[in-house]
Amino acid sequence: MTLRRDARHGLRIARAEFRRSLRAYSRDWRRLVGLGVSVLFFGGYLLFSLPAAFVLGRTARSVEAIPFLGPAGTLLPLGLVGVATLRTLERIGSAEGEALLLTTVHPRAVVIGLIGAELGRLAAWFGVPIAALVVAFAVGLGTPVVLLTAALVAVPLLAWSAVWGYAVGLALLRVFRWLPTFRRVLKVLGVAALIAIVLGSQAVGQLLAEGSISVGGVLAAITVAPLTEYVALAALGTPLQRPPTLAAVAVFVGVVASAPIGLAVATRQASALWFGDVPADGATSQATGREGGLSVPRPFAAAKTGRIAWRHLVRAVRKPQEFSHLVMVVFFLGPIGTTAVQGSSGALGPLAAGVGVGLGAYLAGGTFGLNPIGDDRPQFPLLLLSGTDAATLVRGRLAAGVALGLPFALGLPAVGVALGLRPVRAVAFGALGTGSVLAAAAFALGLGAAYPIYEEREFWGTETVVPSTLVMLVYLAVVGIGTAIALVGTWFLLTGGLVPTPVFGVVAGIYLLFTAGVSYGSYRYAIRRYRNYHLE
């Protein structure tokens, strides 16, 4: 197979993969709604950014005058390689119809096709807004040359990042195949690193506000001069140009020359992964390691609902990547988490209790309730023929979520006692947490049953189904606001800030009735959806 022929076949594969992605969005109206919300959300930012890019083009007099050029020039290639690696682990580690493709074309053609399709998807999501910003900047600068020079700088860098990120991702998938324990450890470390980055960024922001560190010092620490010089090549032929440095030329030559090497490395990694055999001892150790999870402990073994709940918990331990959507809460709580802890001073006990109630409610519904039909669909023929009624199946998911949420809702208020919280108040928070966990778990089942997601996607080398982003946002908003209202009302009632008057009793009763009614109605709706489900 020649490179030219592989490139031609690869472009066809890329076109087919890209069209498949478009059809996956267009055939489901729920995905179209989510896509429309995303376009409106990010489109609003783009509308505000275009005038800023135009003004920057009008006022800039040199490349150095462009703000954040150094950090952006450093983080851009590193970020692109990281995105390409994660996307390989998550989605493009293999192709649709892999067995047929590998018997028809050379693996290099498949690699080119998968990388090309991913570049097309990234261009559709990020290329259009970035191109709009560059056009606005060029109009403000008064020359269209920057469009050509920016493309000449960005395209080689994007191709280099794609091929080397794909090669690194395939290498990690090979390691995961031979060392399953390393994969689980890396998942935990990845989540911990994400949380650390979010919380660390808040700490850095506070230090900047206090003046302990300077913005210039932070930017200089994350700037690599050769990469910045390479990005500055985009100003050649414009009023902002400066003579190209030797470092910039060296980076350009290195990027162009190493991209074919990365393609060769990625092809070898792909061939070893796709044609290699799974380790013989891996299946044996995996099977023997699961034998202990078949015995149901006594609290769950008393009824069929408990046994179903235990199976869900065991599967959660075996496939923790199914809960990747739960990390979204970090981006909502991270910006206020460090501020709340530092501002609480002597109120760490009540803060721990409140966090326990909120976290318990979030986990109770977010783990097993946001996509019940989508999660169970592969087993539906067996479930429908097992003789177990729909109510028991739904209650099993409900019990599994409650089993995860209650330890936080009850345990953290108990920890709060050691941090200065009064025992009576800890009991009140525990009672509130129990009710919040039950309400959130029931509400999530109805919400998830209304908008099921069936399509599996590759996530860190494993096929899994995650809930819809729109469902996740609605769940966060409803449970977050409802729990916050309950926490604030309970705290003011315990501290004497609220007097239990008849008006307060009426308002609290309406709130409780509304919460219980919505949760119970969601639970009954989930049962009805299970009963009315049919196999096509």
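Residues are termed buried under 20% relative accessible area, exposed over 50% and partly exposed in between, with a 1.4 Å probe and protein chains only. The model is predicted: local features need pLDDT of at least 70, side-chain atom pairs count only at pLDDT 80 or more, and totals for chains, interfaces and linings use all residues. Numbering runs from 1 along each chain as its sequence is written, and side-chain values use heavy atoms, without hydrogens or water.

The structure holds six salt bridges (a side-chain nitrogen of Lys or Arg within 4 Å of a carboxyl oxygen of Asp or Glu). One of them joins D375 and R397, with the closest N and O atoms 3.8 Å apart. D375 lies in helix 16 (372–376) and R397 in helix 18 (390–418), so the pair ties together parts 22 residues apart in sequence. Helices (H or I, at least four residues) and strands (E, at least two) are DSSP runs, numbered from the N terminus. R397 is buried, at 2% relative accessible area. D375 is also buried, at 16%.

R20 pairs with E17 in another salt bridge, at 2.9 Å between the closest N and O atoms. The two residues sit three apart in helix 1 (3–26), about one helical turn. R20 is partly exposed, at 32%, whereas E17 is buried, at 11%. R242 and E229 form a further salt bridge, at 3.1 Å from N to O. E229 belongs to helix 9 (225–231), and R242 to the loop between helix 9 and helix 10; they are 13 residues apart. R242 is partly exposed, at 24%. R87, E118 and R121 are linked in a salt-bridge network.

Beyond neighbours within four places in sequence, the contacts of Y166 (heavy atoms within 4.5 Å) include A84, T88, V111, A266 and W274.

On the surface, W29, V33, V37, Y451, L470, V474 and V478 form a nonpolar patch with about 550 Å² of accessible area together. Helix 2 (29–59) and helix 20 (469–495) each supply at least two of its residues. Y451 is in the loop between helix 19 (423–450) and strand 1 (457–459). Patch residues have over 30% relative accessible area and no salt bridge; like charges are joined within 9 Å, and nonpolar side chains (Val, Leu, Ile, Met, Phe, Trp, Tyr) within 5 Å. Accessible areas come from the Shrake-Rupley method with a 1.4 Å probe; for residues, only the protein chains shown count as cover.
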